[in-house]
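Dear colleague,

I am passing on the structure below, together with some notes on what turned up when I went through it. Please read them with the coordinates open beside you.

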Amino acid sequence: MEPNRLTNSKERILRRKEVLEKKKAIDDIIKAASAVKDQLASFLPFRQYDRHGLSLYLDSGFGEHLTSSLKKYIKILLKVNMEGPYGSEWPVEEKIKRREMVAPQARYIFVRSSSPNATLNDKLDNNEEKVISGHWIGDGDPVVAFVHYRFVIEEEVPVLYVFELQLESLVQRKGLGKFLMQLLELIAHKNRMGAVILTVQKANTSAFDFYINKLRYSISSISPSRVNPLIGAEASYEILCKTFDAEAKAKLEE
């Protein structure tokens, strides 16, 4: 074999070896993160939320272990919060979300009221109390919010992808959403994720403002509007991200 051809062949073998080693390293990161039974165990101060008249605590959960009560609650709150932003797309999207919510990869944080009668302050009127009891039907303390997230790979970067962040209307605008996102970012850091990624409907202007202006997320380079501006302009959603290292920033943000 000619020297140049031999050199090129060795270089190709080395490059392929590097690619495979990097892929294995990323796969190992995802597997290790997904194997943790309770991500909240490392963040004990985040198990409680006692602010702005709320008295809440957090539990971890898995998509394949959801009780019938939790499944029903998730379906109801998703419909209440997301039917409007999705508009005519909701019937199809709802079916997708129902499949997603019970996937083995799905990880959950459930927010429960530690005192049903004091979930909010004493100024709640009867109608507001009915809203809470109407959404949670099951044993145990009422669930008032939940997060569905997963550890996945995007553009060869291990990321924590937030599939859902859903709060009851009466626990919104009380700092809980920001608290949960900060927790997810800490979980991402601890598990060596390169970024947190999420999808937001353009019609959901309050959520868009929350992530972009309050939490400093950016429109990702993998979002439709940046991949192809002409086609992206017609898309109903944007993909947002917050990156934690140079490689993730180069692949998902810049």
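Strands β6 and β8 (residues 237–243) pair in the antiparallel sense, with seven bridges between them, and within this pairing L198 has L240 of β8 as its bridge partner. Please keep in mind throughout that the model is a predicted one.

On β6 there is also a parallel pairing, with strand β5 (residues 157–167), to which four bridges join it; here L160 stands opposite V196 of β6.

Turning to the aromatic side chains, a search of the whole structure gives ten aromatic pairs. One of them is formed by Y73 and W136, whose ring centres are 5.9 Å apart and whose planes stand at 65°; because an angle over 60 degrees counts as edge-to-face, the pair is assigned to that class. Y73 belongs to helix α2 (residues 68–86), whereas W136 lies in the loop between α4 (126–135) and β4 (143–154), so the pair ties together parts that are 63 residues apart in sequence. Both Y73 and W136 are buried.

Ring pairs also link F46, Y49 and F179 into a cluster. Finally, there is a contact between a charge and a ring, in which the charged end of R150 sits over the ring of F163, at 4.2 Å from the ring centre.

How values were computed. Residues are numbered from 1 along each chain as its sequence is written. This is a predicted model: local features need pLDDT of at least 70, side-chain atom pairs count only at pLDDT 80 or more; totals for chains, interfaces and linings use all residues. Side-chain values use heavy atoms; hydrogens and water are left out. Rings of Phe, Tyr and Trp (its six-membered ring) pair if their centres lie within 6.5 Å; planes under 30 degrees apart count as stacked, over 60 as edge-to-face and the rest as tilted. Helices (H or I, at least four residues) and strands (E, at least two) are DSSP runs, numbered from the N terminus. Buried means under 20% relative accessible area, exposed over 50%, partly exposed in between (1.4 Å probe, protein chains only). A charge sits over a ring if NZ of Lys or CZ of Arg is within 6 Å of the ring centre and within 35 degrees of the ring normal. Two strands pair if DSSP finds at least two bridges between them.
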